[in-house]
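Please study the sequence and the structure shown here before reading the dialogue.

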Amino acid sequence: MASQFRRLAAVLLSTSALALTAPALGQESASEEAPIYLEADQVEDIAGGTGYIARGNVRVRQEPRTLLADEIEYHPAENRVVARGHVIILGQGPFPQYADEVELDSQLASGVALGFASMLENNGRVAAGAAIRRENGSLHLEDAYYTACELCEDGEGEPTWRLRAREVVQDADDQMIYYRDARLEIGGIPVLYAPVFAHADPSSERRSGFLFPKVGVSSRLGFVYQQPYYWTLSPSQDVTIAPRLMTNVNPLLYGEYRKRFWSGAMELEGSYTDEFEIDSDGERYGNRESRWHLFGGGEWAINPDWRWGFGVQRTSDDLHLRRYDFSESDKDRGAPLNSLSRQLVSQLYVDGRTRNSTGSIVAASWQSLRTNADDDIIPTLAPVAEYTHVFNAPAGWGRVNADASAAILRRQTGVDYDRVSASLDWRTRWVTSPGIVVEPFALVRADHYGFDNLPVADPLTDPVSDSVSRTLGLAGTEISWPFYRGGEQVDWIIEPVASFVAASDDSEAGRVVNEDSLAIDVDESLLFQPVRAPGFDIWEAGQRVSYGIRTSAMWGEDGLARLFVGQSERLDGDAVFNAASGLTAALSDYVVAGEIDIAGFSAEVYTRIDPDTMDTNRLDVSLDYRSSRFSGGVRYLDISDDSGTRNGAQRELRGDFEFGLTDHWSAIGEVRRDLDRETTRSQELGLRYSDDCSEFDIVYQREDLGIAELGPSESIQFRITLFTLGSFGPD
């Protein structure tokens, strides 16, 4: 009897091969090697001695697999096993498998499960009226469906979505899954139908095939349909080709290419069309010509510490990306330089980092996307190189940074610029017995410049060249004294901080062309920096003091409030930064920064206040609130300095919200308002449905970027995301 039940358990446990991703049968010999345990309320012979029946809470266990059923019937002469009633198979994979009844044939190579169901990866669920395992390991499902939605325990109601098919075949030989009479149901209603289609088995390697289409409609492009096709070229490279059809303009071809190497990876994406220029209504004007864009990059390891790579961002014309709804911001591919607003950057670089040093060499060129910009005056880095080595000083004396830097800038029109710099920078930190923190610092730097094509007052005179050398230095200290007071409800930290800097004069300041320190906006961290210029060309000479106070309050698990007020005073020397910096006058603007986070509400504020008039020169305020029903935020930006931006003062208001109407439906919106020009630059308003397995958005959008050649545009977009299957709609 024991040997027969051992055989019975081995047969039953092999029924787990009915799972979609289970291996082929043939585990009998392995089953014989481990103990088999059978538990049941009762075991009895079948009439005539042809077999045995185990009934009531039947459990057959052989590590790591377990089979549960209401009843098991075993016919030794036929090598046939039937498990009935609430059949559950555990331990074959990460998820249990369920069936109303399971039966295996005498060869143990094929079997049938009725009322089959199982969990899959990524919260997927599969069920079928019948699951048939073929001798070659293929799986055949009849009246099957797949969903990622929770199912009602009582069987009432329909899932949000499910993919149903009259027949599903998992072919073990070619590792494909084939469907017949497939339909996508939303809330039990069929919305898409395909007589046949196929996709690669999830357990197989990558396969070529069609991806989900993307659709949309806008006043500029009309109705848009884009059908991607994924093409596997090799185990290490693939291509996605996605032609886009639009009713208002000519078709566009979009593509992506990816390749992995033993030491790195490369990725490219781009688009191409042959078309006229188009406005917001899809009307053509100008000349018909090739229009394209190319984004991408690659990176490879030279050794564990050093790497080299490239990045490319180029387009045929300034408005191609916006006309065809491509983002002007490329994805982060690890390159050291990021493009600025309305600019693209292409670069080639080598950089690295060791325990005590960092270094980089970057060559780069920019393309402006502003329609009134002159690309000839934008410099090309050819290249810029930096190297830093950190030396540890004797114990208690901090560290010394040795830096070397070089830059070569070339223009088609304008000044050519060469610079070489070397510096030593020392800083340490001492904490005295009363808790006063003293951080002394010192720096010495040598620069050499070469300039060509310098402009002269007489336009009839040829440009001139110049060469400048200078040696600079500074010393100073920063002192802070934090006070901590713990309380029953609130803990407080109050920290006065002050710094003093004495810097050498710069007798050659009038001869150095400023290329790398054009913009600066003093804030809390910059206020106390020994060198406040972001680059090398501007030197802040003379003596200055900076002072401020930081106050923090903490309560509960995550309650936080923080406030900083500070100012800088120039004791001697001339102003070197522009008026928008807040550092032009001897007394700098007051710098005020604060934040608070309490009970779902958070706020941040940064402002600069003129010390004489108490006018606000800059104000940046953001408010956010998050709760189970509502989430939203507002940001107000006010730059009041006349020279703060190229176009003068700038005031902007941004906001977004999501308000839950029901458990699944919510209203969503977003707006960006230019308060100076009284123009709404962009706005969105829509509805969102979201549950455990899907998300659906329908959104009205209007965009007016103030670009005359482009004009405002309107669109209604929808996006359907079926978790584990993918998304329909625009990116």
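Predicted model: local features only at pLDDT ≥ 70, side-chain atom pairs only at ≥ 80, totals over all residues.

Q: In which sense do strands S35 and S36 pair, and over how many bridges?
A: Helices (H or I, at least four residues) and strands (E, at least two) are DSSP runs, numbered from the N terminus. Two strands pair if DSSP finds at least two bridges between them. Here S35 (residues 601-609) and S36 (residues 616-626) are antiparallel, with 9 bridges. Within this pairing, Val605 has Val621 of S36 as its bridge partner. The hairpin of S35 and S36 has 6 residues between the strands, and Met614 there takes a positive phi near 60 degrees.

Q: Which residue of S37 is the bridge partner of Arg626?
A: The partner is Ser631. Strand S37 (residues 630-639) pairs with S36 in the antiparallel sense, over 9 bridges. Between S36 and S37, the hairpin has 3 residues.

Q: Is Glu508 buried or exposed?
A: Buried means under 20% relative accessible area, exposed over 50%, and partly exposed in between (1.4 Å probe, protein chains only). Glu508 has a relative accessible area of 19%, so it is buried. Its place is the loop between strand S31 (490-503) and helix H4 (524-527). Apart from neighbours within four places in sequence, Glu508 is in contact (heavy atoms within 4.5 Å) with Val468, Ser469 and Arg470.

Q: How many residues does the largest nonpolar core have?
A: A nonpolar core is a set of buried Ala, Val, Leu, Ile, Met, Phe, Trp, Tyr and Cys residues joined through side-chain atoms within 4.5 Å. The largest has 36 residues, and Ile72, Leu141, Trp161, Val168 and Tyr179 have the most contacts inside it. A second, separate core of 18 residues includes Val468 and Leu409.

Q: Where does a cis peptide bond occur?
A: Most residues other than glycine have a negative phi, and most peptide bonds are trans. In this model, a cis peptide bond joins Ala382 and Pro383, with omega about -10 degrees. Pro383 belongs to strand S24 (residues 380-392).

Q: What is the phi of Asp143?
A: Asp143 is not a glycine, yet its phi is positive, at about 50 degrees. Asp143 lies in strand S9 (residues 139-147). Its relative accessibility is 47%, so Asp143 counts as partly exposed.

Note on methods: Residues numbered from 1 in each chain as written. Heavy atoms only, no water.
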